[in-house]
Amino acid sequence: MEWNIRSDLPIYSQLVDLFRQRIASGALPPGERLASVRDLATEAGVNPNTMQRALQELERQGLVFSQRTNGRFVTEDVQIIDASKKALARSQIESFLGAMEKLGYDREGIIALLKEDA
């Protein structure tokens, strides 16, 4: 797994976003067992407490669940995964539209530009 941790955002929130993206894209499929907190932290080069905090947030969001003796797993609830995927997509669209508007494009101009390149 590739970890691109930047210094401009809290590390745990970046980890949450990375896991959400991997779950939404299918890189971490439903039911997949996650490595241990220590192994993930070592692989990502972060403190285990930071990784634990990120995984707890993913559990709160319903994307990951724990089984006491077996570890953590990606949810098998496709509706939760789809909702997360749509939320990530909306966020990307809003970011794109905001950047295009800063360049002076209105929505019609953006659509026309997209149609040119299609």
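**Getting to know Arg-20 and its surroundings**

Author: Welcome! Leaving out residues up to four places away in sequence, Arg-20 touches Leu-58, Gln-61, Leu-63, Ser-84, Ala-87 and Leu-88. Please keep in mind that this is a predicted model.

Reader: Where is Arg-20 found?

Author: Arg-20 belongs to helix H1, which covers residues 11-25.

Reader: Why is Arg-20 said to have no salt bridge?

Author: A salt bridge needs a side-chain nitrogen of Lys or Arg within 4 Å of a carboxyl oxygen of Asp or Glu. For the buried Arg-20, the nearest side chain of opposite charge is Asp-17, 4.3 Å away, so no salt bridge is counted.

Reader: What makes the pairing of Arg-20 with Ser-84 a polar contact?

Author: The two side chains come to 3.3 Å, and the cut-off is 3.5 Å, so the pair counts as a polar contact.

Reader: Which residues touch the most other members of the largest nonpolar core?

Author: Among its 21 residues, they are Trp-3, Phe-19, Leu-34, Met-51 and Leu-55. H1, helix H2 (37-44) and helix H3 (48-61) each supply at least two residues, and H1 gives the most, with 5. Apart from neighbours within four places in sequence, Leu-55 is in contact with Phe-19, Leu-34, Val-37, Leu-40 and Arg-72.

Reader: What is the pattern of the protein chain along the sequence?

Author: The pattern reads α-α-α-β-β-α-α, made from 5 helices and 2 strands.

Reader: How do you know that the chain is more spread out than a compact globule?

Author: The globule rule gives 13 Å for 118 residues, and the radius of gyration is 17 Å, well over that value, so the chain is more spread out. The C-alpha trace spans about 55 × 30 × 20 Å along its principal axes.

Methods:
Residues numbered from 1 in each chain as written. Predicted model: local features only at pLDDT ≥ 70, side-chain atom pairs only at ≥ 80, totals over all residues. Heavy atoms only, no water. Helix = DSSP H or I, 4+ residues; strand = E, 2+ residues; numbered from the N terminus. Buried < 20%, exposed > 50% of the residue type's maximum accessible area, 1.4 Å probe, protein only. Lys, Arg positive; Asp, Glu negative; His and termini not counted. Polar contact = N/O pair within 3.5 Å; in protein donor to acceptor, adjacent residues only side chain to side chain. Contact = heavy atoms within 4.5 Å. Core = buried A, V, L, I, M, F, W, Y, C linked by side-chain atoms within 4.5 Å. Rg over C-alpha atoms; globule rule 2.2 N^0.38 Å.
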